Amino acid sequence: MTAAVATARRPAVRRDRGPAWLRRSRSGTVVALTVLVVLAVAYLYPFAISLATSLKSDAEAATDPLSLIPATPSTAAYTELLRNSDFPLWVRNSVIVTLAVTTGRVLFDSMAGYALARLRFPGRSLVFAALVAIMAVPGVVLLIPRFLVINTLGIYNSFAALILPLLADAAGIFIMRSFFMSVPRGVEEAARIDGAGPFRVFWSVVLPMARPALITIVVLSFQGSWNELSHFIVASDRPELQTLTKGVAQLTAGALSQGTQYPLKLAAAVIMSIPVAVLFIVFQRRITSTHDGAIKG
Amino acid sequence: MFLAPAGVLLGLFLVVPIAMAFWVSISDWRGVGNPMTGSAQFVGATNYTELLGGDGLATKDFGRAMRNNVYYVLAVVPLQTILALTLAVLVHRRVVAGRGFFRSAFYFPSVTSSVAITVVFLFLFSATGAMNRLLAVLGVEGPNWFADPRGVVHLFLGALGVRAPYESGPLLLGLSWWNWISGPSVAMCVFIVLAVFTTSGTFMLLFLAALQHLPGEVEEAAVVDGATPWQRLRRITVPMLRPTLFTVITLGLIGTWQMFDQVYTGTGGTPGKTTLTPAYLSYQVSFEQQEWGRGAAIAFLLFAIIVACTLVGRRLLGEREDPR
C-alpha cells in the first residue's frame, strides 16, 4: 500500500521506465517458471521413486536408490504382498470402513447441516456453538477418550468401533450448513405449498440441489477415512480388523530393525495411494478450488 | 429429528469421552476393569504434578517430548508458511502456463496418506538412500538420518569447539539447559522436511484462494507506478494477505502439535527419544505402559497447548470472524 501511495506522486518519471519493467518481467517469468519446474520435480520425485523402487529387487533398491528405471523390472514385491501376506485383508477392511464412513457422513452431515441452516428449534444457536467448539478439539487428544467410550460400550474389536466414531464429523456439518444457507428459500416454500412435509422437502428438493457440496463431503470423507491411522490404532487390536494404514505402519515399524525390504514396503505405499490418487484426479478441479475443511495436520 | 443421528454420535464420541478422559487423568486407573465403575481411585492432580514437577522418568520423557515438539513447531510453521506463500505467488502468475498442473503437483502430497509418505521418506533418507546418494554426488557424506540422535544446535556448537558442560542440574521438566538447547535431532529434521512437504500444498490453496479475491486495481496501479515485482509482493500482496497468513500460521501451530502418525510409522520416538512427541508419548504411556492416568494427563496438557495456540492466533487475527 505504502509503495503505491508513495510512487503515485511521481507517475511521470516512473511511466517512462515501462519498457524496462516489462523486460524485467519477462526474465522474471522465466525465473518463475524454472523455479516452478524444479519445485514440481522435487514434489513428484518421491512418488516416482517409490513406484520405480517397488519394481526393483531388494539388492537393487539398496545399490541404486536414485534411478527411476529398474534394471530388471519385477513385480515380485506385489506378488509377495498380495499372495503371502494379510495385505488383501487390510485392503478389504479399509474399503468397508471407508465406504461406510463416507455413506454415513453424506447422510448425517447433510441432515444436520440442513437442520442448522433452516429448521427452527429451541437451542439451535447453542447446538451450533457446540459444533464450532467440537471442531476445535484436536484429533490426537481424543485417542484415549475414544478408547474409553469404545471400551465402555463393549464394541472394542468390532467394525462398529472402527466406523461409528468416525461418522461424527463436525467439519462436514459445517460445510453443509454453509451450503444450505446459500440456497434461496423460495424453492422450499413452493414445495411446502404443494403439500410436502419437511423430510420430503429435504429429500427430494433440497438434497438434489446440494450436489456440489455433497461431492465435497464425499471427497473429504473418503480421503479422511482411507488415510486415518490413529483412530484404528485405538479401536481394535485384532489382526482380522487391521486396516491398510495400520497394517502398513506396523509392517514398517516392525521390520525396520531386520532386513529393509524397501520394494515390498513401497509397493504397499503405492497400492494404498491409488484410491486417493484416482479420487484426486477425478475431482482435481473441485479439490484444488474448494478447500473448506480440507486441512490435514 | 434431522439433528438426532449426528448429534448422538458427536455427543457419544466427542463430549462424553472428554469427560471420561478427564476423570481418568485425575485417577489411578491402570487399564483393568471399567474406570467409571469403581475400579479407579481419585488421586487429585498427582498425574499432572508427576509430569510437570517430578524428577523421575515420567517428567524427563515429557520434557524430551516437549523439547522435540517445540523445535519441530519452530522449524515447520515458518518453513511451510513461506513455502506455501511462495508456491501460491508463483502459481498465481497469469503468465505461467500449466497452472493447473503445478497446483496439482504441489497439492498431491497433501492428499496421500501420512503412512505412505512416511514409508517413502524412510526409504529416501535411509543410510544408503536417495538423499545420501545425492549428497555424495555433491561430495558430502550424509548422516544415517533416522539413527542419528544428535541435535543440530549441538552439532553446530561442536563444530565451533563448544563441548557439553559437565553435569548441570535439571533446568525445566527434568532436562538440563544444555539438553534444552540441543535443537532438533538429525532424525527429527527428516520429519520437519516431511511435514513441510505434505502441508505446503494445502496452505498454498488457502493463499491461492485469497490471492484470487484480492482486488486487482491496487496491484495494477503499482505496476503502472513502476513498482518491481518484489516491491509489489512485499508492500501490497503480503499485507493484504494478512488474515490468511494468520489463519495458515494458526492451523500450522495446531497441526504441528499433533504429530503422531509419522512417529508411529517411522521411529516410535527413537533415536534417543529425540522424535518423541507429546501426542505419541500419551499413546505410549497409556496403551503400552498401561499408565492411563498419566497418558490422559499428557493429552490434556497437549490440549491446553493447542487451545493456547488457537487463542493467540485468534487474537492476532483481530476482528475477522469468518473462518476460512
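Good morning. I begin in chain B, where helix α3 (residues 57-92) holds both B:Asp61 and B:Arg64, three residues apart, about one turn of the helix. Helices here are DSSP runs of H or I with at least four residues, strands are runs of E with at least two, and both are numbered from the N terminus. The structure is a predicted model, in which local features need pLDDT of at least 70 and side-chain atom pairs count only at pLDDT 80 or more, while totals for chains, interfaces and linings use all residues. Residues are numbered from 1 along each chain as its sequence is written, chains are lettered from A in the order in which they are written, and side-chain values use heavy atoms, with hydrogens and water left out.

Let me turn to charged pairs. Side chains of opposite charge can pair when their charged atoms come close. A salt bridge is a side-chain nitrogen of Lys or Arg within 4 Å of a carboxyl oxygen of Asp or Glu. By that rule there are eight salt bridges over all chains. B:Asp61 and B:Arg64 form one of them, with the closest N and O atoms 3.0 Å apart.

B:Asp61 also forms a salt bridge with B:Lys273, at 3.1 Å between the closest N and O atoms. Because B:Lys273 lies in the loop between α13 (261-266) and α14 (278-288) of chain B and B:Asp61 lies in helix α3, this pair ties together parts that are 212 residues apart in sequence. Is B:Asp61 buried or exposed? B:Asp61 is buried, with a relative accessible area of 10%, whereas B:Lys273 is partly exposed at 32%. Buried means under 20% relative accessible area, exposed over 50%, and partly exposed in between, using a 1.4 Å probe and protein chains only.

A further salt bridge joins B:Glu50 to B:Arg294, their closest N and O atoms being 3.9 Å apart. This pair links distant parts of the chain, with B:Glu50 in helix α2 (residues 46-52) and B:Arg294 in helix α15 (residues 292-317), 244 residues apart. B:Glu50 is partly exposed, with a relative accessible area of 36%, and B:Arg294 counts as buried at 14%.

Next, the interior. A nonpolar core is a set of buried Ala, Val, Leu, Ile, Met, Phe, Trp, Tyr and Cys residues joined through side-chain atoms within 4.5 Å. Which residues touch the most other members of the largest core? Among its 157 residues, they are A:Val248, B:Phe106 and B:Phe260. Helix α9 (residues 186-213) of chain B gives the largest share of this core, 17 residues. Contact means heavy atoms within 4.5 Å. Beyond its neighbours within four places in sequence, B:Phe106 is in contact with residues including A:Leu36, A:Tyr43, B:Leu87 and B:Met204.

B:Asp148 sits in the loop between α6 (130-137) and α7 of chain B. This residue is buried, with a relative accessible area of 7%. A polar contact (a pair of N or O atoms within 3.5 Å, where within protein one must be able to donate a hydrogen and the other to accept it, and residues adjacent in sequence count only if both atoms are side-chain atoms) of 2.6 Å joins the side chains of B:Asp148 and B:Arg150.

Finally, chain A as a whole. Its secondary structure comes to 17 helices and zero strands, and 48% of its 297 residues count as buried. Thank you.
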